[in-house]
Amino acid sequence: MSRVSHYLLLDKLEIEGANSISSPITYGFPAITGFLGAIHALNRRLVDTELEFSGVLIACHECHVQCFRPHTYADYSFNQSRNPIKKDGKTASIIEEGKVHLTVSLVVEPRASREIRDNAEGFTQRCYEALMQQRVAGGSVHKIGDVQLFEHSEVKEIQRALVPAFVLMDARQDLISITETLQQQNPEATELDGLIE
């Protein structure tokens, strides 16, 4: 039976060119699924049938959206790559992509049926090498600060390693509460109104 006895810290991943458009109404940070997919891909690359990554904590240290604003009162627009022109000399139509350069730390729960601490150094080295060869949230990993394995009881050590950072939290209950408050004033208020509020 698999259990969580350790946490894997992927400390300060420097990612260049990640996708910064999270949804039709938000931009500025990659979608959570971009990180979940990267951890799933990392799990598959390790080719260890006795290991499964189950949870991911995302802590953002730096985030630089690649955008431009000509003056204070103008709208921001994404910096776009220049694609080759077509045969007739016109520019090719492109789908606008927002890019972001960011530094994040990820804390992963490895579930294993055996003790992974026995070969901790080899395990963290394999994680480091596999992560350097793959993309995270559509961006390229340029540098990893460190890959460490912590005991389940060493939560304070992980918290110290993450500081300073913004940790992404699930705010579903806050959205429900705000929406219910709005619906008391206006019964036709929706979750979108709550999100805007």
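How much space lies in the second largest pocket? About 210 Å³. This is a predicted model, in which local features need pLDDT of at least 70 and side-chain atom pairs count only at pLDDT 80 or more, while totals for chains, interfaces and linings use all residues. Residues are numbered from 1 along each chain as its sequence is written, and side-chain values use heavy atoms, with hydrogens and water left out.

Start with what a pocket is. On a 1 Å grid over the protein atoms alone, a pocket is an open set of points where a 1.4 Å probe fits, with protein on both sides within 12 Å along at least five of seven lines. A cavity is a set of points where the probe fits but cannot get out. Lining residues have an atom within 4 Å of a point. Grid points are joined across faces, edges and corners, and a volume is the space filled by probe spheres set on the points.

Helix 3 has the largest share, four residues. Helices (H or I, at least four residues) and strands (E, at least two) are DSSP runs, numbered from the N terminus. By class, the lining holds eight nonpolar, two polar and one charged residues. Here Ala, Val, Leu, Ile, Met, Phe, Trp, Tyr, Cys and Pro count as nonpolar; Asp, Glu, Lys and Arg are charged; the others, Gly among them, are polar.

Turn next to the largest pocket. Its volume is about 700 Å³. The lining has 21 residues, and Ile32, Met169, Asp170, Ala171 and Arg172 lie nearest the centre. Helix 1, strand 3, helix 4 (172–185) and helix 5 (191–196) each supply at least two lining residues. Strand 3 gives the largest share, five residues. The classes are twelve nonpolar, six polar and three charged.

Next comes the interior. In soluble globular proteins, nonpolar side chains tend to be buried together. A nonpolar core is a set of buried Ala, Val, Leu, Ile, Met, Phe, Trp, Tyr and Cys residues joined through side-chain atoms within 4.5 Å. Buried means under 20% relative accessible area, exposed over 50%, and partly exposed in between (1.4 Å probe, protein chains only). The largest core has 32 residues, and Leu10 and Phe35 have the most contacts inside it. Strand 2 (6–19), helix 1 (32–45), strand 3 (51–65), strand 6 (99–112), helix 2 (120–132) and strand 8 (139–151) each give two or more residues to this core. Strand 6 gives the most, six residues.

Which residues does Leu10 contact, leaving aside neighbours within four places in sequence? Among them are Ile39, Leu42, Val104, Leu131 and Val147. Contact means heavy atoms within 4.5 Å. A second, separate core has eight residues, including Ala59, Val107, Phe150 and Ala161.

Stay with strand 6, which holds Thr103. Thr103 is buried, at 12% relative accessibility. Not counting residues up to four places away in sequence, Thr103 touches several residues, including Lys12, Ala59 and Cys60.

Two of these partners deserve a visit. Lys12 is found in strand 2. Its phi is near 50 degrees, a positive value in a residue other than glycine. Lys12 is partly exposed, with a relative accessible area of 30%. Cys60 is buried, at 8% relative accessible area. A disulfide is a pair of cysteine sulfur atoms within 2.5 Å. Cys63 is partly exposed, at 32% relative accessibility. The structure holds zero disulfides.

Finish in the loops. Ala137 lies between strand 7 (135–136) and strand 8. Its phi is positive too, near 55 degrees. Ala137 is buried, at 11% relative accessible area. Pro164 sits in the loop between helix 3 and strand 9 (166–167). The peptide bond from Val163 to Pro164 is cis, with omega near -10 degrees. Gln80 lies in the loop between strand 5 (77–78) and strand 6. Gln80 is partly exposed, at 35% relative accessible area. Gln80 and Glu109 are 29 residues apart in sequence and 37 Å apart in space, C-alpha to C-alpha.
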